[in-house]
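User: I'd like to learn how to read strand pairing in a model. Could you walk me through a case?

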Amino acid sequence: MTHDLTLISGAGAVPAPTDVFIAQHLINGAWVSSASGQTFDRFSPANGQLVTQATLGGEAEVEAAIAAARTAFDDRRWSDTSGKERATFLLKVADLIDANRSRIALYETMESGKPIAQAEAEIEGAADIWRFAASLARTIHGDSHNTLGPDMLGVVLKEPIGVVSMITPWNFPFLIVSQKLPFALAAGCTAVIKPSELTSATTVILGQHLIEAGLPAGVVNIVLGYGDPVGTNLTNHPDVDMVSFTGSTAVGKAIVAATSKTLKKVSLELGGKNPQVIFPDADLDEAADAIVFGIYFNAGQCCNSGSRIIVHHDIAAVLIRKIVELSRKVPFGDPLNPSTKVGAIISSQHQAKIDGYVKEAVMAGATVAIGGAPLTIDGMSGEFYQPTVVANVTKNMAIASEEVFGPVLSVLTFTTFDEALEIANGGDYGLSAGVWSQDISTCLKFARRVQAGTVWTNTWMDGFAELPFGGAKESGLGRELGHHGMDEYLETKTVQMRIGKTRSRWV
Ligand code: NAD
């Protein structure tokens, strides 16, 4: 039954692009196609329209891009610039992102199926991150040690780590590259970027703005294509100093194995199965709204998805009722309609995977409070999934511990604080967690004990460029954003300076 949901069709939608976006590699300052002449297509997951035709990268293109980034790093054309020059450049890029927000958002929506209003907000947020990174570019400094004796000075320098491979996923293509690249550039690094094969366009548009803002050739390169061979070669290559990856935990582990051969630095932003614990004294209306936001935002295809709630037994029925009522009001539908809050699922294979998790949970004894099936939107041929709440979930079910990556909320219950904490800390992930209680000591106790990189108390998924983000356990290594975001791209060098000929001879 879907007639009591809020469904949005095409009327009032912003126009789709009329031309196919032709995406090329950016190598050493030039836009190039692969010598093989092969291309790959991206169709809108909402309506099947051909959006992008991209040149298909292989080993040769990765080799050329890494060589360009290596030369640009080694000849110091970027790392010798002052903090002021880097900041000025990053601010120019932020202005260009703002000026081109509608175009970037349109391609982000066409390729990913996310709502256009959300895409616009993400591009605005991305420009803010570029500005924040600009503010950091002028703050890089090390330490001095002036107490090593009258004839010695110890200086600790912070230097760019070198050539960075950046590999990004399809769910927030522009935002995620903006959590990496401006920080690496602020630090003085050079880069080769591989966007997801499903979402090449907006990284290419970013490349156009980098050139427009005056970035020297070779400092940032983009290679389009699949995980194998483009991603694998970007992680194996001896001339790469660091890999910054956002994506699934399975690929993250493969990258750690690949980089171990050359011992590169690795930074990983991986998956999550993020719990929110709701205590009986919580404001249930506030919690219900945030839970609905947390699970349906980006159709649940979000590392930070609040995909499982752990609710006190005494309030479970009333909270589920509130969540179900709100679920009916969330506008699902045509991503190009500005009223839509939840768009399409990325692919039909992924839709089948989401549905499989729900069916398996029901077979194991869970109950569906709302949804639980694919959704049809008038005039849209793509994949959509109903807002879904699965109750009576137990911790041994796959839906309780694995990333469903769809608009599917799992509801578990508890009676004591320790039981809630044990369920929250169960499983392999440790990205984010939340707690709802009007007692600040309950919130603080939970925040201190939960294993997660980010904890939200009485809120969900707020984000600030100033605050570091990343995962504990199998949700990642390292941090993005905040000053930590730039520190990841800096190497420490110790310089011991003897002043005068005071060194006592050994022989
Ligand atoms: P994915 O791991 O399948 O792919 C991510 C990127 O890695 C793509 O560009 C892909 O082409 C590339 N890749 C694939 N195999 C590779 C290999 N062997 N070597 C190198 N690169 C390879 O992930 P996805 O499906 O694009 O994205 C969804 C996943 O990303 C989810 O697990 C989600 O939780 C995670 N994610 C995490 C964060 C975070 O900040 N923690 C943010 C967004 C998404």
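User: Which residue in β13 is the bridge partner of Met242?

Analyst: Keep in mind that this is a predicted model. In general, strands of a sheet pair through backbone hydrogen bonds, either parallel or antiparallel. Here, Met242 has Lys265 as its bridge partner in β13. That pair belongs to the β12 (residues 242-246) and β13 pairing, which is parallel and has five bridges.

User: What kind of unit do β12, helix α8 and β13 make?

Analyst: A right-handed β-α-β unit, with α8 covering residues 249-259.

User: Which strand do two bridges join to β13 in the antiparallel sense?

Analyst: That's β26, residues 476-477. To find the spot, look at Glu269, whose bridge partner in β26 is Gly476.

User: How many of the five residues of β13 are buried?

Analyst: Four, so the strand, residues 265-269, is mostly covered; buried means under 20% relative accessible area.

User: What is the strand order in the open sheet of three strands?

Analyst: Read across, the order is β7-β8-β27, with antiparallel pairing. β7 (143-145) and β27 (490-498) are the edge strands, each pairing on one side only. From one strand to the next, the twist averages 20°.

User: How many bridges do β8 and β27 pair over?

Analyst: Nine, with β8 spanning residues 152-160. One place to check is Gly154, which has Gln496 as its bridge partner in β27.

Conventions: Residues are numbered from 1 along each chain as its sequence is written. This is a predicted model: local features need pLDDT of at least 70, side-chain atom pairs count only at pLDDT 80 or more; totals for chains, interfaces and linings use all residues. Side-chain values use heavy atoms; hydrogens and water are left out. Buried means under 20% relative accessible area, exposed over 50%, partly exposed in between (1.4 Å probe, protein chains only). Two strands pair if DSSP finds at least two bridges between them. A crossover is right-handed if, with the strands pointing away from the viewer, the path from the first strand over the helix to the second runs clockwise. Axes are lines fitted to C-alpha atoms, for helices over the stretch in contact, and angles run from 0 to 180 degrees between N-to-C directions.
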